[in-house]
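Here is a briefing on one protein chain. Look over the sequence and the fold, then read the points below.

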Amino acid sequence: MAERDAAAATNAAGRTAAKAEVRLRRLLVLVPYIVRHPGARVAEVSSLFGIGEGDLLQDLQLLFMAGLPPYGPGDLIDVEIEEGRVWITMADYFSRPARLTASEALSLYLRGKVLLGTPGLDEAPALASALAKIERGLEGTLESLAEHVEVDAPGRAETRLGILRRAVEGRRVLRIEYYTAARDELTEREIDPEQLFSAIGHWYVVAWDHRSDDERMFRTDRIRSIQETGATFQPRGLAGADRPLYTRSDDDVPVRLLLGPGARWVAEYYETERVAEREDGRLDVTLPAKDLPWVAKLVLRLGGEAEVADPPELAEMVVQQAARALALYGA
């Protein structure tokens, strides 16, 4: 019984980051809609956005804790639900057009361009129109960017996604060359692709990997080559969108990090097993990892905001990688 309870608690903690991301995306769409349609029926909003009424009401309850600094009573969003209708006040800023910084607009534009090339995208005309408006606002910035940024070959991303989409729909076995960033390794694999979805700015394909004889998730931009084998497969029912972006396995190694204020996002972004506040203001986080070299690179990216508490070999990897990086600069 104790083991089952512990396993359930671990799984629940692992789903927290994914659930928080999904709920945030939902709220960012729900709130502007309800602000513009005061008194909207809960049942209609639930049906329109494809979520259960229970989940909708739970999301709306979170808004009582949201608002603008200094977060006094007059700064927090107010939600009123009465006789099956909902009103949101103190959130007029959601009804105003977004004001993007140059870097935000550029990031949105580039990601939108990638999404626009997705075959069969019903929203393509509306997206193209929105990107054209952003492009006019970025006049001059895009020209200077082209001198410093190397982009993928024209149509390559679109072709890759098109092949993957057709393979998922037709249950076709694919042969791919895949780059694993954690190990700096290029491998050839045959995969049975079952799900294709977009999350946190990247496209992913969930597939059964013949090489490891197990389920794997691949980032599509790390697929170097792709071709159909002519074979087909029977789907195994692998989960797609809204799944955690980390697949647990028996090979996982628990990694314990102490995160400063600038690195607390790691606890929300990545799969975690344990999260605890410390008296010194840092976050004590334990997360599963298959590749310690990848975690060492993450710690270096955090720029002193993270300290390795365990395992000791990870701390040594961080020191070694930092030394190699400094050596490239002659330090």
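## Surface patch

Leu 24, Leu 28 and Val 29 form a nonpolar patch on the surface, with about 280 Å² of accessible area together. Patches are made of residues with over 30% relative accessible area and no salt bridge; like charges are joined within 9 Å, and nonpolar side chains (Val, Leu, Ile, Met, Phe, Trp, Tyr) within 5 Å. Leu 28 sits in helix H1 (residues 2–36).

The model is predicted: local features need pLDDT of at least 70, side-chain atom pairs count only at pLDDT 80 or more, and totals for chains, interfaces and linings use all residues. Residues are numbered from 1 along each chain as its sequence is written, and side-chain values use heavy atoms, with hydrogens and water left out.

**Overall picture**

- The protein has 10 helices and 12 strands. Helices (H or I, at least four residues) and strands (E, at least two) are DSSP runs, numbered from the N terminus.
- Of the 331 residues, 34% are buried. Buried means under 20% relative accessible area, exposed over 50%, and partly exposed in between (1.4 Å probe, protein chains only).
- Among contacts with a separation of 6 or more, 56% come from residues 24 or more positions apart. A contact means heavy atoms within 4.5 Å.
- The accessible surface comes to about 19800 Å², and carbon and sulfur atoms hold 53% of that surface. Areas come from the Shrake-Rupley method with a 1.4 Å probe; for residues, only the protein chains shown count as cover.

**The three-stranded sheet**

- An open sheet of 3 strands runs in the order E1-E3-E2, with antiparallel pairing. Strand E1 (40–41) and strand E2 (78–82) stand at the edges with a single partner strand each, so one side of each has no neighbour in the sheet.
- E1 pairs with strand E3 (residues 85–89) in the antiparallel sense over 2 bridges. Two strands pair if DSSP finds at least two bridges between them.
- Ala 40 has Val 86 of E3 as its bridge partner.
- Helix H3 (residues 53–62) packs on this sheet and touches E2 and E3. The direction of H3 makes about 145° with that of E2. Axes are lines fitted to C-alpha atoms, for helices over the stretch in contact, and angles run from 0 to 180 degrees between N-to-C directions.

- E11 is mostly covered, with 7 of its 7 residues buried.
- Both faces are covered. Leu 283, Val 285, Leu 287 and Ala 289 are buried on one side, and Asp 284, Thr 286 and Pro 288 on the other.
- In a regular strand the side chains alternate between the two faces of the sheet.
- E9 pairs with E11 in the antiparallel sense over 7 bridges. Val 255 has Leu 287 of E11 as its bridge partner.
- E10 also runs antiparallel to E11, joined by 4 bridges. Here Glu 277 has Leu 283 as its bridge partner.
- The hairpin of E10 and E11 has 5 residues between the strands. In this hairpin, Gly 281 takes a positive phi near 90°.

**Salt bridges**

- The structure holds 13 salt bridges. Each is a side-chain nitrogen of Lys or Arg within 4 Å of a carboxyl oxygen of Asp or Glu.
- Asp 284 forms a salt bridge with Arg 274, and the closest N and O atoms are 3.5 Å apart. This pair links distant parts of the chain: Asp 284 in strand E11 (residues 283–289) and Arg 274 in strand E10 (residues 274–277), 10 residues apart.
- Asp 284 counts as buried because its relative accessibility is 5%. Arg 274, at 41%, counts as partly exposed.
- Asp 280 forms a salt bridge with Arg 282, with the closest N and O atoms 3.0 Å apart. Asp 280 is partly exposed at 44% relative accessibility, and Arg 282 is partly exposed at 22%.
- Arg 282 also forms a salt bridge with Glu 307, with the closest N and O atoms 2.7 Å apart. Arg 282 lies in the loop between E10 and E11, and Glu 307 in strand E12 (residues 306–310), 25 residues apart.
- Glu 307 is partly exposed, with a relative accessible area of 41%.
- Salt bridges that share partners join Arg 278, Asp 280, Arg 282 and Glu 307 into one network.

**An exposed loop residue**

- Asp 250 is in the loop between strand E8 (223–232) and strand E9 (253–259). Asp 250 counts as exposed because its relative accessibility is 81%.
- The C-alpha atoms of Asp 250 and Lys 290 are separated by 9.3 Å, and the two residues are 40 residues apart along the chain.
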